[in-house]
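Q: Hi! Could you walk me through this model while I have it open?

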Amino acid sequence: MPHMPLPTLAEIEAAAHIIYREFPPTPQYRWALLCERLGAECWLKHENHTPVGAFKIRGGLTYFAALHARGALPREVISATRGNHGQSIGWAARAHGVPCTIVVPHGNSAEKNAAMRALGVNLVEYGEDFIASVDHAQRLAAERGAHMVPSFAPELLTGVATYWWEFFKAAPALDVVYVPIGLGSGACAAIAAKQALGLPTRIVGVVSRHATTYADSLAAGRVVEAPASTRLADGMAVRRAHPEGLAIMQAGLDRIVQVSDEEIAAAMRAIYSDTHNLAEGSGAASFAAAMQERDSLRGQRVGITLTGANIDAGAFAQVLHGSAA
């Protein structure tokens with residue numbers, strides 16, 4: 001199984017300097033009500049406080065910085081997304097004056113689509129899920145001679161690792177952290193930052209019970225496709241694990257926890273009630289997993305991450321009223 005080299009501490013720190021030109025480190029707080037609810041010391045990393053409301057912007061900035069450093073800025077970029085990666089690439093492409101086309105599946109979040117268009121993205125709707133959109137984006141890039149920006153690459157991973165580097169440095173020594181898994185950059189970045197800092201923290205990957213490719217692939221030791229039917233956690237709705245991400249997780253994750261849409265909805269309500277912060281489905285998944293394991297967490301220092309806040313208002317209203325999931 002291929003194994004992508006993980007970024008070093010020096011590379012992560014250099015990436016942080018690039019990112020801080022656009023926005024400062026995001027905060028991490030020990031919310032008292034979340035601690036009460038979990039029955040443990042709970043630290044929440046607020047990646048919902050970036051300029052696009054999600055952690056993905058970090059990777060886009062470092063990816064384009066690497067292209068610029070190589071003198072390889074393309075005439076056009078194309079990528080695929082469920083929303084947050086697309087905003088990241090749109091933001092960075094605009095900053096470098098590069099035209100950007102993003103492919104999304106039919107039925108994608110209307111508000112994420114609007115946010116991408118506001119960044120100057122040419123939005124194309126194609127396919128019924130993320131993988132179908134990726135395949136179409138690759139065809140478009142080949143036809144047009146454009147640069148295809150992947151959703152998983154070393155330059156993206158280095159940027160994403162900066163948020164874990166911030167978290168591990170700013171919070172007291174964490175016994176365990178929970179990280180949601182979509183295509184895998186967040187989990188692999190957590191592993192990279194932990195290793196770069198030489199920490200003993202356990203890293204628990206969180207997958208949707210309705211999108212189990214990573215759970216199935218880790219169990220089998222090879223990529224295993226699985227249906228992605230989650231209605232709430234679109235950022236985790238991936239049906240085919242990335243082989244390089246899988247190899248990193250195989251070596252670096254403590255274990256995997258599966259969470260249902262119902263558990264995610266409950267976590268979204270809890271985060272809103274206890275912190276008055278908005279979490280999209282994927283953004284609440286790490287807290288949902290911690291709550292599932294709360295009986296084993298007493299006396300521990302737990303890190304969770306609010307990876308994004310980009311959920312349509314109507315969908316969030318349904319969650320708050322208990323009529324979603």
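Q: Where does His276 lie?
A: His276 is in the loop between helix H11 (261-275) and helix H12 (281-292). Helices here are DSSP runs of H or I with at least four residues, numbered from the N terminus. This is a predicted model, where local features need pLDDT of at least 70 and side-chain atom pairs count only at pLDDT 80 or more, while totals for chains, interfaces and linings use all residues. Residues are numbered from 1 along each chain as its sequence is written, and side-chain values use heavy atoms, with hydrogens and water left out.

Q: And is His276 buried or exposed?
A: His276 is exposed, because its relative accessible area is 60%. Exposed means over 50%, buried under 20% and partly exposed in between, with a 1.4 Å probe and protein chains only.

Q: What about the phi of His276?
A: The phi is positive, about 55 degrees, although His276 is not a glycine.

Q: Switching to the domains, how is the protein divided?
A: There are domain 1 (9-55 + 154-321) and domain 2 (56-148); the bounds come from an automatic or database domain assignment. Their centres, taken over C-alpha atoms, are 22 Å apart.

Q: How many residues are in contact between domain 1 and domain 2?
A: On the domain 1 side 31 residues are in contact with 25 residues of domain 2, contact meaning heavy atoms within 4.5 Å.

Q: What area is buried between domain 1 and domain 2?
A: About 2,500 Å², with carbon and sulfur atoms giving 58% of that. Buried area is the accessible area (1.4 Å probe) that two parts lose on being put together, summed over both.

Q: How many salt bridges are there across that interface?
A: The rule finds seven between domain 1 and domain 2. A salt bridge needs a side-chain nitrogen of Lys or Arg within 4 Å of a carboxyl oxygen of Asp or Glu.

Q: Which elements give two or more residues to the side of domain 1 that touches domain 2?
A: Those are helix H1 (9-19) and helix H7 (154-170). H7 provides the largest share, seven residues.

Q: Nice. Now His242, where is that?
A: His242 sits in the loop between helix H9 (213-220) and helix H10 (243-252). His242 counts as buried because its relative accessibility is 18%.

Q: What is His242 in contact with?
A: Leaving aside neighbours within four places in sequence, His242 is in contact with Phe152, Leu183 and Tyr214.
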